[in-house]
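Try each task before you read its solution.

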Amino acid sequence: MSSSSGVPESWISSFCSLLGHEYFAEVSEEFIEDDFNLTGLQTQVAMYKEALEVRTKTLSPMASCPKDGEAADRSCQMILDVEPEDDDDDEDEEDEEEENESGIGDGQERAPGRERRHHSRMASDLSVIESSAEMLYGLIHQRFICSRAGIQQMSEKYELGHFGSCPRYNCEHARTLPVGLSDIPGEDTVKLFCPSCLDVYVPPNSRFQTVDGAFFGRTFGALFLLTFPEYDLTKRGADVLSSATSRVPEDEPLINGMYAKNIAPNLGSGRIYEPRIYGFRVSERARSGPRMQWLRDRPRDLNELDEERICEQQPDDDDDDDETGDKNGRLLVRRRPPGTRRQRQRRNQNGSPMQLSTNGAESEL
């Protein structure tokens with residue numbers, strides 16, 4: 001596979017352009033060449049060195065490799081040529097040993113069966129290398145999208161709507177982010193996280209159900225919102241394409257470091273489905289009534305979520321130290337014994353922790 005200019009397309013570009021890989025970002029070569037970014041991947045990927053060398057060459061994925069004829073042999077042989085020289089030497093030594101055992105001389109030709117076995121072994125090694133290369137790129141991609149360059153690239157795809165929209169009706173096609181429910185490969189497929197309702201969904205298109213969720217990880221979604229808090233999650237349609245209308249105004253109030261209008265904007269009263277029968281709302285106590293609607297609830301006054309302000313307004317009655325002065329004006333610090341106030345009262349009364357007090361009468365259990 002080659003581009004229109006005649007320059008061979010890189011393995012990374014070809015991999016990201018495959019059907020179902022629209023969520024992937026193209027990892028830069030500088031990120032891959034840094035050994036620190038690949039720490040620990042050697043033990044997670046089979047044939048790690050071969051897969052890394054295949055992926056860094058300007059080769060197309062195996063999906064674009066011809067299936068028949070000499071063209072297939074040449075294109076696939078290009079990938080096999082990047083294997084370590086030690087493996088080639090070992091294979092040559094094995095072939096020489098087989099020839100010596102069978103009594104074949106230098107001027108004699110090899111049997112067709114041996115050539116077929118050698119070709120099948122090459123094809124099997126190629127499939128393993130290609131599978132390892134995809135696994136390796138996915139794990140590198142998980143780390144890349146959490147870096148500064150990677151998350152910036154993902155923000156551009158987010159603005160263009162490459163990740164799709166939330167399938168929930170009350171979210172009104174809010175933009176989503178690809179996330180994984182696990183950082184371990186093979187456990188689950190990629191999911192879509194909606195910042196407007198703070199929930200995850202299965203991608204609507206079946207072609208994404210073969211993409212491993214570990215290639216995006218659990219960190220990316222929350223890190224994206226912390227890195228770009230200025231995105232206005234209430235904007236829809238063409239407003240998200242303009243930098244002037246897709247950003248939150250600077251004078252918007254903040255709550256716990258987040259813009260108030262961006263805190264689950266599509267949750268709360270009026271945005272939760274209420275089942276009704278002949279116009280009457282079904283009670284939560286009914287057998288078929290709604291359950292756990294508080295999970296999608298949102299306070300009418302968002303200032304109730306400002307934990308920092310509420311904590312500052314509450315008096316601090318449980319100080320560990322009491323400061324008093326003596327007759328000479330010196331400051332004395334009296335430390336309270338450890339434990340809560342109720343435990344200290346029980347110790348002062350020499351009571352049992354199993355002691356109960358009801359209507360002024362004490363009873364021992």
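**Getting oriented**

The protein has 10 helices and 11 strands. Helices (H or I, at least four residues) and strands (E, at least two) are DSSP runs, numbered from the N terminus. This is a predicted model: local features need pLDDT of at least 70, side-chain atom pairs count only at pLDDT 80 or more, and totals for chains, interfaces and linings use all residues. Residues are numbered from 1 along each chain as its sequence is written, and side-chain values use heavy atoms, with hydrogens and water left out.

**Exercise 1. Find the buried residues of helix H8 (residues 220-227) and say what they pack against.**

Step 1. Buried means under 20% relative accessible area, exposed over 50%, and partly exposed in between (1.4 Å probe, protein chains only).

Step 2. List the buried residues. In H8 they are Phe220, Gly221, Phe224 and Leu225. They share one side of H8, because their arc around the axis is only 130°. The arc is taken from the directions from the helix axis to the C-beta atoms.

Step 3. Recall the helix rule. An α-helix has 3.6 residues a turn, so residues three or four places apart point the same way.

Step 4. Turn to the other face. Ala222 and Leu226 are the exposed residues on the face turned away from the buried side.

Step 5. Look for the partners. The buried residues of H8 pack against helix H7 (148-159), strand S1 (177-179) and strand S2 (191-194). Contact means heavy atoms within 4.5 Å.

**Exercise 2. Is Ile145 buried or exposed, and which residues is Ile145 in contact with?**

Step 1. Locate Ile145. It lies in the loop between helix H6 (112-144) and H7.

Step 2. Check the area. Ile145 is buried, with a relative accessible area of 0%.

Step 3. Leave aside neighbours within four places in sequence. Ile145 is then in contact with Gly150, Ile151, Met154, Phe215, Phe216 and Phe220. Phe220 is also one of the buried residues of H8.

Step 4. Compare sequence with space. Ile145 and Val27 are 118 residues apart in sequence, yet 8.4 Å apart in space, C-alpha to C-alpha.
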